[in-house]
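Biologist: I would like to go through this model with you. Could we begin with the interior and then turn to the helices?

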Amino acid sequence: MPIYKMEGKKDGKQKYRVRINYLNSLGEAKQIDRVAYGHEEAKALEAKLLYDIKEEPPARSMTVKTLFEEYLSAKKHDLKESSLEYNKERLEKYVLPRLGGINLKKLDVRKLQAFKEEISELDLALRTKQTIYACLRAMLNYAVKGEIHALQWADIKDGYLSVTKSITQKLKGEDRITPPKNKSSVRTIQLPIPLINILNNHKDRCMTYDNFTDNCFVCGISKSLRDTTIQNRNDKYSKAAEVKTIRIHDFRHSHASLLANEGINIQEIARRLGHSKIEITWQTYSHMYPREEERAINILNKIV
């Protein structure tokens, strides 16, 4: 938890310590320790420090092959030996020869689509092709950082949520708090009333735990919940409610699709999602704007 309440005040404002742990460009563990007066000032300092760290050169360039090796090592404890071996064979035979040397930062939609088209041309059963895609997707999901995991109660105030950090759970050792993917990912968004009510109820339950503070995690208390725990809860409660079970990441798509289908400006959707370029949002959700076409035709039909 990077923000700690300290003894002392200045000009009537509480003293806070802002502490950030990170890896520098050489892969060395480093720590920044600063003091701020006032909680909002501490939050702003935290966001600035995280962004400054993000601007440093990366500690190392990870290729798909490097990720593959780390993924297998980590999953030894999560998957059955037979399942791990099955995934390993698919990745080694079909993914690494085509994508292994590509840097993860350069693994864009175009390259993934080309990979999918190449696999689709192979003389393989449809189920085998689907399994290959699933193995690749699972490995890439392993590398994803989670903004929801890093969310603390101090990030929610007066109906607004501030996204200033993310957590990488799936590295060797403890969870690591890191900056979001890019500058645009640092954002403050207004929350709808139904969600505010749910969060308030959830916070009331969390406050019954010993040593609860606003620096506790929303998804967890002293430690963020694991990906698998959240997904398992999602599966359990969706079945209990008799609704279709979707992946956790699909909730993000549902949120954006709902807004797009209601004609909300694409720029606002991009801001809420934290996309660095509006083109990314448009390529994904432009098909969700049927009402805009209808509105355009209605305007043209009125021309005499």
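Biologist: Which residues in the largest nonpolar core touch the most other members?

Modeller: Please keep in mind that this is a predicted model. The largest nonpolar core has 21 residues, and those touching the most other members are V64, L91, V95, L99, F115 and M139.

Biologist: Which elements give two or more residues to this core?

Modeller: They are α2 (64–75), α3 (81–99), α4 (109–120) and α5 (126–142). Of these, α3 gives the most, with six residues.

Biologist: What does V64 touch, leaving out residues up to four places away in sequence?

Modeller: V64 touches V95, L96, L99, G100, I102, L104, L107 and M139.

Biologist: Which residues does the second, separate core include?

Modeller: That core has eleven residues, including V163, L191, F212 and C216. As a general point, nonpolar side chains tend to be buried together in soluble globular proteins.

Biologist: Back to α3. At what angle does it pack with α4, and how far apart are the axes?

Modeller: The angle between α3 and α4 is about 135 degrees, and their axes are 11 Å apart. The pair is therefore oblique. The crossing of α3 with α4 is right-handed.

Biologist: Which residues make that contact between α3 and α4?

Modeller: α3 contributes Y94, V95, R98 and L99, while α4 contributes K111, L112, F115, E118 and I119. By class, this contact has six nonpolar and three charged residues, with no polar ones.

Biologist: Now a different pair. How do α9 and α10 pack?

Modeller: Helix α9 covers residues 248–261 and helix α10 covers residues 266–273; they pack at about 160 degrees with axes 10 Å apart.

Biologist: Why are α9 and α10 called roughly antiparallel?

Modeller: Their angle is about 160 degrees, and angles over 145 count as roughly antiparallel, so α9 and α10 are described that way. Their crossing is right-handed.

Biologist: Which side chains are involved, and of what class?

Modeller: From α9 the contact takes in R252, H255, A256, L259 and A260, and from α10 it takes in I269, R272 and L273. By class, there are five nonpolar, one polar and two charged residues.

Biologist: Finally, the whole chain. How many helices and strands are there, and what share of the residues is buried?

Modeller: The chain has twelve helices and eight strands. Buried residues make up 33% of its 304 residues. Among contacts with a separation of 6 or more, 53% are between residues 24 or more positions apart.

Methods: Residues numbered from 1 in each chain as written. Predicted model: local features only at pLDDT ≥ 70, side-chain atom pairs only at ≥ 80, totals over all residues. Heavy atoms only, no water. Core = buried A, V, L, I, M, F, W, Y, C linked by side-chain atoms within 4.5 Å. Buried < 20%, exposed > 50% of the residue type's maximum accessible area, 1.4 Å probe, protein only. Helix = DSSP H or I, 4+ residues; strand = E, 2+ residues; numbered from the N terminus. Contact = heavy atoms within 4.5 Å. Axes fitted to C-alpha atoms, helices over the stretch in contact; angles between N-to-C directions. Parallel < 35°, antiparallel > 145°, perpendicular 65-115°, else oblique. Left-handed = near helix turned anticlockwise from the far one by under 90°. Nonpolar A, V, L, I, M, F, W, Y, C, P; charged D, E, K, R; others polar.
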